[in-house]
Amino acid sequence: MWPNIVVVLLIVALPFLIAVYTSFLSVDQYTLRQWVGAPWVGFENYVEALAGSNVLSVSALGSLGISVAFSVLTTLIITPIGILAALTVNTSFRGRALLRSLYLVPYVIPTFVTALLWRMMFLPNTGLLNRALSAIGLADVNTYWLVGAKSFWAMTITEVWAVWAFIYIMVLAGLQSIPIEQYEVAELDGANSWQKLTRVVLPQLRGLIYLALLLSTLFHFNNFTLPFVMFGTPPPAAVTVLPLNIYLTSFNLFDFSLGSAMSVITLIIMLVPGFFYLRMLRLGEVTSR
Amino acid sequence: MRRDPREPLPPPVRIGAIIGFVLAITLPIAFMLLLSVTPDPEIGSGGLIPSHWAFDNYVKMWSTVNLGRGLANSLVICGISSAVAVAFAVGAAYVLSRFDFRGRFPYLYSLIALQSVPHVMLLLPLFVLFSSIQTAIPFRLIGTYQGPVITYLTFALPLATWLMVSYLSSIPVELEEAALVDGATRVQALRKVVVPLAQPGMVVALVFSFLVGWNDVLFASVLTSPDTRTLAVELQTFSAAQQGGSLPLYGQMMGASVVSALPVVILYMVFQRYLIGGLTAGGVKG
């Protein structure tokens with residue numbers, strides 16, 4: 001118990017205070033060793049983070065926009081996909097167990113492998129996706145997905161492929177808890193498939209789906225590994241999400257203070273969905289005995 | 001045969017959806033496997049089926065990517081951090097699930113809140129902290145095993161504790177009470193009664209704690225040196241090196257990717273029954 005509390009305090013509270021303090025200083029690779037004595041610059045880093053653009057030509061504000069667009073878009077796309085997938089394996093049939101296992105495979109593949117795999121999928125002239133799109137006449141086989149504005153879509157498509165199972169798992173658990181009698185009653189009342197889905201099933205899953213939406217947005221906002229591994233350094237401006245911007249500012253440009261200011265901004269933004277998440281959790285149900 | 005009343009989709013829609021899902025999942029994976037046995041010069045030449053199966057990609061990659069070292073480093077770092085995390089988590093979770101005390105709920109909430117702390121927010125302060133500790137006392141953290149181990153504990157510990165709390169809450173308290181009545185001490189009851197019963201939960205906590213480190217690129221790329229690089233960073237560095245090269249070694253890169261993903265996928269398939277609940281507990285997809 002006590003080791004746990006100490007570790008939590010030491011590992012989260014202390015770094016947070018350091019981040020706040022560093023964000024008011026000017027720390028680079030030369031002053032890092034004596035960072036406590038680095039010159040005090042006040043809110044200069046915050047001004048630079050929000051207004052200025054660095055070598056990547058993306059300001060923190062620009063990255064924030066990309067991150068929000070990416071996480072909201074991904075969540076909106078995977079929600080119907082996840083619900084549909086859960087509906088296909090809700091009732092038993094031959095091969096259902098196998099199908100359920102298969103549905104999990106993209107989700108459990110490590111993100112750095114997913115990133116490399118989809119980099120190959122999008123490769124001009126070679127990638128399977130480019131071949132497929134050109135075969136049905138939608139795009140040229142030499143489409144450059146990995147540079148320029150299209151890279152945002154490459155990143156989003158990859159993320160959708162990798163994470164839809166998150167919604168699927170949560171919805172499937174919810175579906176399994178709806179008693180069969182409710183369906184039978186609905187059937188007696190003459191409901192068809194669509195009415196059963198929209199009047200019986202989905203209303204009961206509403207709370208669960210809201211929670212899944214919130215969590216999914218939260219997780220994807222923090223996505224770093226996918227764009228970092230998929231696009232290399234420096235990444236196209238269109239995929240420079242906030243975590244990636246912080247990383248590059250700190251460890252490629254060695255502007256640790258600007259990176260800290262961006263980190264603090266990130267945390268403040270994350271407090272909003274985080275607060276709603278904690279409100280939605282009903283801890284009593286999980287731990288009450 | 002009468003249709004199951006729970007079936008909400010008309011059969012054609014369902015079969016169509018299933019075929020769509022199966023293709024969308026298997027085709028990219030099949031493409032990865034195909035590329036991994038394609039000779040490097042042929043990738044990018046336009047043909048899909050290689051002239052011969054280059055199974056030697058799986059042999060050559062061990063020397064070009066330094067996979068062996070990455071694999072060993074990943075096993076050591078993730079093994080230590082997950083074992084320590086689960087050991088602490090069982091104790092903490094036992095107290096949290098069996099005793100009511102002031103601050104219990106704030107503590108439980110903080111476990112959840114820690115799952116949603118942006119990892120990147122911790123990266124810089126941790127780096128600054130580690131480098132000043134290194135300057136102050138002769139205990140190296142950056143570029144060693146202990147740096148990443150401590151970092152992964154940050155995330156593995158609350159995750160493992162939370163998973164154990166939900167598991168221990170499902171074990172009836174009467175079993176320990178019986179042991180206590182028979183004269184066992186609390187610690188004995190924990191060791192002889194609770195821990196054996198909690199083993200499936202501990203497997204789940206161990207697997208997810210292990211994956212925290214295995215899937216991480218963010219911290220490992222900053223806190224490791226070339227000698228202590230984890231598998232993920234080894235692969236990321238290799239792929240970055242292919243960008244400017246004259247002949248990218250994509251075949252070997254895909255082979256190495258298959259080898260990195262396979263243990264994780266097999267682990268899930270074997271323990272699927274236990275793991276499914278933990279998949280949504282957070283932090284799994286970095």
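This is a predicted model: local features need pLDDT of at least 70, side-chain atom pairs count only at pLDDT 80 or more; totals for chains, interfaces and linings use all residues.
Local features require pLDDT of at least 70 and side-chain atom pairs pLDDT 80 or more, whereas totals for chains, interfaces and linings use all residues. Residues are numbered from 1 along each chain as its sequence is written, and chains are lettered from A in the order in which they are written.

Chain B contains 12 helices and zero strands, where helices (H or I, at least four residues) and strands (E, at least two) are DSSP runs numbered from the N terminus. The C-alpha trace of chain B spans about 75 × 75 × 30 Å along its principal axes. Of the 286 residues in chain B, 47% are buried (20 or more other C-beta atoms within 10 Å of the residue's own, with C-beta atoms placed from the backbone).

Helix H4 of chain A (residues 96-108) packs against helix H1 of chain B (residues 11-36) at an angle of about 45°, and their axes are 10 Å apart. Axes are lines fitted to C-alpha atoms over the stretch in contact, and angles run from 0 to 180 degrees between N-to-C directions. H4(A) and H1(B) are therefore oblique to each other (angles under 35 degrees count as roughly parallel, over 145 as roughly antiparallel, 65 to 115 as roughly perpendicular and the rest as oblique).

The largest nonpolar core has 162 residues; such a core is a set of buried Ala, Val, Leu, Ile, Met, Phe, Trp, Tyr and Cys residues joined through C-beta atoms within 7 Å. Helix H7 of chain A (residues 150-176) supplies the largest share of this core, 16 residues.

Conventions: A residue is buried if 20 or more other C-beta atoms lie within 10 Å of its own, exposed if 12 or fewer, and partly exposed in between; C-beta atoms are placed from the backbone.
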